[in-house]
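Subject: Structure for you to look at

Hello,

Please find the structure below, with notes on what was found in it.

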Amino acid sequence: MPAQDIARIHAEIDALYRKESRRVLATLIRLLGDFERAEEALHDAFRAAVEKWPVEGVPQNPVAWMVSAGRFKSIDKQRRDSRFEHLEDRPDIGETLADQTTPVDEQELLEDDRLRLVFTCCHPALASDAQVALTLREVCGLTTEEIAAAFLTPAPTLAQRIVRAKNKIRDANIPYEVPSREELPARLESVLRVIYLVFNEGYLASSGETATRADLSAEAIRLGRLVLELLPEPEVRGLLALMLLHESRREARADESGELILLDEQDRSRWNREFIAEGSRLVREAVSSPRAGPYTIQAAIAAVHAEALTPADTDWREIVGLYDVLLALTPSPIVALNRAVAVSMRDGPEAGLAALNTLGAELDGYQLAHAARADFCRRLERHAEARIAYRRAIELTAQGPARRFLERRLAALPAS
Amino acid sequence: MKYLCLVYLSAEKWNACPDSACAAYAGQLQDSGHMLDGTPLHPVHTATTVRVRNGQTSVTDGPFAETKEALAGFYLIDARDLNEAIQIASKIPPAKYGSIEVRPTRELVVDQAEMARYAAAL
């Protein structure tokens, strides 16, 4: 085979890994009954593809091929290992072999496996930070470093958190299943929280040069749709709406060179009207329910922004009101910070600063708090204070475009 | 009279004592008729704490951490998976007043020759 064809097949395998490796993994975990073994099998399968596809050609259903190859490799490995071990020490072998009759190439089954994986990673018997880390690692395939950056946690701590969670799943025998209908509502909350964090990882990207990572956000939206299909609860609808409304601004929130553009400076004609229409419809359906919660309220806020044709049309009174509702539902310093920003838009930067000053020291390590302070001070022409706040915000911001935006604002301050 | 002997270990010394030594001693107690049951547990990070308050079951990661609560009894149960174990634990009557720590048990990993050496030294 000519070298360029081999290179093309390798590129195809790379793309497949990025796009489908988590689906393959989710199914392999079900088939092999173990996270570690499934991960090993996944890598063996991709290695086999690199060897075989240039010779045999790319199979018609690459995902099914990967699942079969991974399962075969793992069972083969177990058989070889078991020659050196007593069979009674490996009670899982019989089960795994019995599973061989299961059809593996049905799309629906693969989707179920992803949902199984989500619910297992978000199991309440796992620590809440471990649920998030594990979902991002296993379901979304983020690296430990990316997750660590998103949670302001050292990478080794995070890696250990993931290992422990996997050990607990194995040792405590947390089942790999979608919870029963009775259990679902209680289990849903942590799933929604995790999905939204995944979305934000894609939308805000904690580090790196690209402001957005469309695949992760699309992944979170896809997961949101899947969960909504399974459980049409208002908060699932609210979360999906919230993600779609944010997503609608993706094209407008960065310029050609990837530099960040603020909401009121965005070209609103570039907002995705389809997403806005779907998001707004979902919000209207969700908000009328007495079970509407924080996701729905946040989506309602996003909808107010989305429906304003120009920044001046924004109904800040409505937005502050919605933040009041949100703050009552989920008192948190970050919500209070957002409310302070909304207050500054409704009543001016002085009022915003006053609201910000009532917040505690909890936000000291949070760059957006310093960025907000910097902006209020800039608008009040309190340049020295603005300068200090911009510098602090820049220190705390790893990501390229967001950081450069702050640096541009800092540089634009008049010398004092 | 029956007695429950509870084994406590720090994380650093969790694996300090070989399983074969435990198996050898258990074998001796079996022979002398003292042994009713016993099993090692997985490390403490596999623990799940179940509480029932106002009819709501709360499930949290980790061992029970309330220092004012003391061990009051135990149930050794056989469940399909952790979900069933949690469900069973949530119906243990004192779950309404205190905490039920659910810990998975494990099998001793025994080396026959090593166990024989420990048994001979007992």
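Domain bounds here come from an automatic or database domain assignment. On that basis chain B is divided into domain 1 (17-40 + 107-122) and domain 2 (42-106). The centres of these two domains of chain B, taken over C-alpha atoms, are 28 Å apart.

Two points before the rest. This is a predicted model, in which local features need pLDDT of at least 70 and side-chain atom pairs count only at pLDDT 80 or more, while totals for chains, interfaces and linings use all residues. Residues are numbered from 1 along each chain as its sequence is written, and chains are lettered from A and ligands numbered from 1 in the order in which they are written.

Chain B overall

Chain B has three helices and three strands; helices (H or I, at least four residues) and strands (E, at least two) are DSSP runs, numbered from the N terminus. Their order from the N terminus is α-β-β-α-β-α. The C-alpha trace of chain B spans about 55 × 35 × 30 Å along its principal axes. Of the 122 residues in chain B, 16% are buried. A residue is buried if 20 or more other C-beta atoms lie within 10 Å of its own, exposed if 12 or fewer, and partly exposed in between, with C-beta atoms placed from the backbone. Two residues are in contact if their C-beta atoms, placed from the backbone, lie within 7 Å. Among contacts in chain B between residues at least 6 apart in sequence, 70% join residues at least 24 apart.

The helix pair in chain B

Two packed helices are described by the angle between their axes and the distance between the axes. Helix α1 (residues 19-32) and helix α3 (residues 112-121) of chain B have axes that come within 8 Å and cross at roughly 55°. Axes are lines fitted to C-alpha atoms, for helices over the stretch in contact, and angles run from 0 to 180 degrees between N-to-C directions. α1(B) and α3(B) are therefore oblique to each other; angles under 35 degrees count as roughly parallel, over 145 as roughly antiparallel, 65 to 115 as roughly perpendicular and the rest as oblique. From α1(B), the contact uses S20(B), A21(B), A23(B), A24(B), G27(B) and Q28(B), and from α3(B) it uses E114(B), M115(B), Y118(B) and A119(B). By class, this contact has six nonpolar, three polar and one charged residues. Ala, Val, Leu, Ile, Met, Phe, Trp, Tyr, Cys and Pro count as nonpolar, Asp, Glu, Lys and Arg as charged, and the others, Gly among them, as polar.

Where chain B meets chain A

Ten residues from chain B and twelve residues from chain A make the contact. On the chain B side, β2 (56-61) and α2 (82-90) each supply at least two residues. That side divides into three nonpolar, five polar and two charged residues.

Chain A

Chain A is assigned domain 1 (1-98), domain 2 (110-231) and domain 3 (232-314). The centres of domain 2 and domain 3 of chain A, over C-alpha atoms, are separated by 23 Å. Their contact takes 20 residues from domain 2 and 16 residues from domain 3. On the domain 2 side, α9 (184-204) and α10 (214-230) of chain A are the elements that give two or more residues. α10(A) gives the most to that side, with eight residues. By class, that side has 14 nonpolar, four polar and two charged residues.

Lastly, K19(A) lies in helix α1 (residues 3-32) of chain A. K19(A) counts as partly exposed because it has 14 C-beta neighbours inside 10 Å. Its C-alpha atom is separated by 9.8 Å from that of G141(A), which is 122 residues apart along the chain.

Regards
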